[in-house]
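Please walk me through this protein model.

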Amino acid sequence: MKNLFGRPVGFGRRQLNSYTRRFPTLLGIALALLTGSMQAEFAYVANLGSNNVSAYRIGENGALTPVPGSPFPAGIRPSSIAVDLFGRFAYVANFESNDVSAYRIGFNGALMPVGGSPFPTGSDLFSGPTSVAVDPFGRFVYVTNVGSSNVSGFRINKNGALTPVAGSPFPTGNVVDSGSMSVAVDPLGRFVYVSNMDSNNISAFRIGKNGALTPINGSPFTAGRRGELPGALAVDLFGRFLYVAKEGNDTISAFRIGPNGALTDVAGSPFSAGGALEDDPRSVAVDLFGRFAFVANFEGNNVSAFRIGENGALTAVPGSPFSTGSGSGGFTASVAVDLFGRFVYVANHFVHTVSAFRIGPNGALTLIAGSPFPAGNDPTSVAVSR
């Protein structure tokens, strides 16, 4: 392991079925946008070195202002943070305490622990949870355990507390030490994908009604040659494409997601991360409208921006990659896009800051006045809530 951290006219049965499957997600997102328009957006950063979470209010210009009471305590070595679509709850995977911290998000953005938090990942004592994701309907939470090569599944109770789903944790990869590094849920709530860094593949699961995971035929799917180290994952809004940051060869792999969840390579994949060799792409995010993909290059201290083509192929945005303004030792660890597709936020690990960018019409990034903003020690994951 390298490091821990124009469409034919018509509306036939196939198109109708596809629209029917996607309508609940579109409705949920529309409601979230409406809700978000009536209240502030917030950014949350998991600080690996100070065992806490920094919380910020996002201003109209994208600038970050600390939420009263920030930072908020987390477990030991918090490695990943995720929020549900409607901004009710936040969940943090704690690498060394082998558990998940759960919080209710207050109207002012403050984090309040839910009863029973933190929740064990249900794996062995050295499971090492590295990534957490919430399904789009706010039903389930999934957490990858790199040390035990599996993924834990939880049902979200009404108060935000977590209950393990039947059969959890679920094995990943095709070897015992596959190194399950990152998890993503498709925005239609059908599938879960897990990157297995040491076995260079992607495990794909179908989500059952109770949240249990069933491997999809053909899983795991190859994500390159040995040593390419597939890590962070992102799925576009309509669940068409999966993007994988590969730390070992500084590329982004793109897959088309089939109706059954199976993965096939997008033409031209993998795509260069856009920087110099050894930039070490560590995180990838797609804007809500599926126009652009953004990649945090850890050692490059910059963010690559791509336009997403109709077939899922990536084309570098002019001017990419964009400097975080954090200096040569910043080490850009994580990237997130706000709900409205206006701003990008990245965590700069070793200089303890968060950089903020405005997204231009063509996807180009411009640093926001005041950026970078102070964070806790070793910020490693960033998420945006509304």
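This is a predicted model: local features need pLDDT of at least 70, side-chain atom pairs count only at pLDDT 80 or more; totals for chains, interfaces and linings use all residues.

## An aromatic cluster

Phe-298, Phe-331 and Phe-350 form one aromatic cluster. Residues are numbered from 1 along each chain as its sequence is written, and side-chain values use heavy atoms, with hydrogens and water left out.

The structure holds nine aromatic pairs. Rings of Phe, Tyr and Trp (its six-membered ring) pair if their centres lie within 6.5 Å; planes under 30 degrees apart count as stacked, over 60 as edge-to-face and the rest as tilted. One of the pairs is Phe-298 with Phe-331, and it is tilted, at 5.0 Å centre to centre and 55° between the planes. Phe-298 lies in the loop between strands S26 (292–297) and S27 (302–308), and Phe-331 in the loop between S29 (322–323) and S30, so the pair ties together parts that are 33 residues apart in sequence.

Phe-331 is partly exposed, at 22%. Buried means under 20% relative accessible area, exposed means over 50%, and partly exposed lies in between (1.4 Å probe, protein chains only).

## The whole protein

The protein has one helix and 35 strands. Both are DSSP runs, numbered from the N terminus: helices (H or I) have at least four residues, strands (E) at least two.

Of the 386 residues, 59% are buried. The accessible surface comes to about 14,700 Å², and carbon and sulfur atoms account for 57% of that. Such areas come from the Shrake-Rupley method with a 1.4 Å probe; for residues, only the protein chains shown count as cover.

Strand S1 covers residues 41–47, and seven of its seven residues are buried, so it is largely enclosed by the rest of the structure. Both faces are covered. Glu-41, Ala-43, Val-45 and Asn-47 are on one side, with Phe-42, Tyr-44 and Ala-46 on the other.

Which strand joins S1 by seven bridges? It is S2 (residues 52–58), and the two run antiparallel. Two strands pair if DSSP finds at least two bridges between them. S1 also pairs with S35 (residues 379–385), again antiparallel, over six bridges. Ala-43 has a bridge partner in each strand: Tyr-56 in S2 and Val-384 in S35. The hairpin of S1 and S2 has four residues between the strands, and Asn-51 there takes a positive phi near 55°.

Strand S11 (residues 140–145) has six of six residues buried, so it is largely enclosed by the rest of the structure. Phe-140, Tyr-142 and Thr-144 point one way, while Val-141, Val-143 and Asn-145 point the other.

S11 pairs antiparallel with S10 (residues 129–134) over five bridges. Six bridges join S11 to S12 (residues 150–156), also antiparallel. Val-141 stands opposite Val-134 and opposite Phe-154 in S12. S10 and S11 have five residues between them, and Gly-138 in the turn has a positive phi of about 65°. S11 and S12 have four between them, and Ser-149 in the turn has a positive phi of about 50°.

Ser-334 is in strand S30. Ser-334 is buried, with a relative accessible area of 6%. Its side chain reaches the backbone nitrogen of Val-382 at 3.1 Å. Beyond neighbours within four places in sequence, Ser-334 is in contact (heavy atoms within 4.5 Å) with residues including Ser-283, Ala-296, Tyr-345 and Thr-380.

Leu-339 sits in the loop between S30 (332–337) and S31 (343–348). Leu-339 is buried, at 4% relative accessibility. Its C-alpha atom is 9.2 Å from that of Phe-289, 50 residues away along the chain.

Glu-228 is in the loop between S19 (221–222) and S20 (230–235). Glu-228 is buried too, with a relative accessible area of 8%. Leaving aside neighbours within four places in sequence, its contacts include Asn-200, Lys-246 and Asn-249.

Terms used: A polar contact is a pair of N or O atoms within 3.5 Å; within protein, one must be able to donate a hydrogen and the other to accept it, and residues adjacent in sequence count only if both atoms are side-chain atoms.
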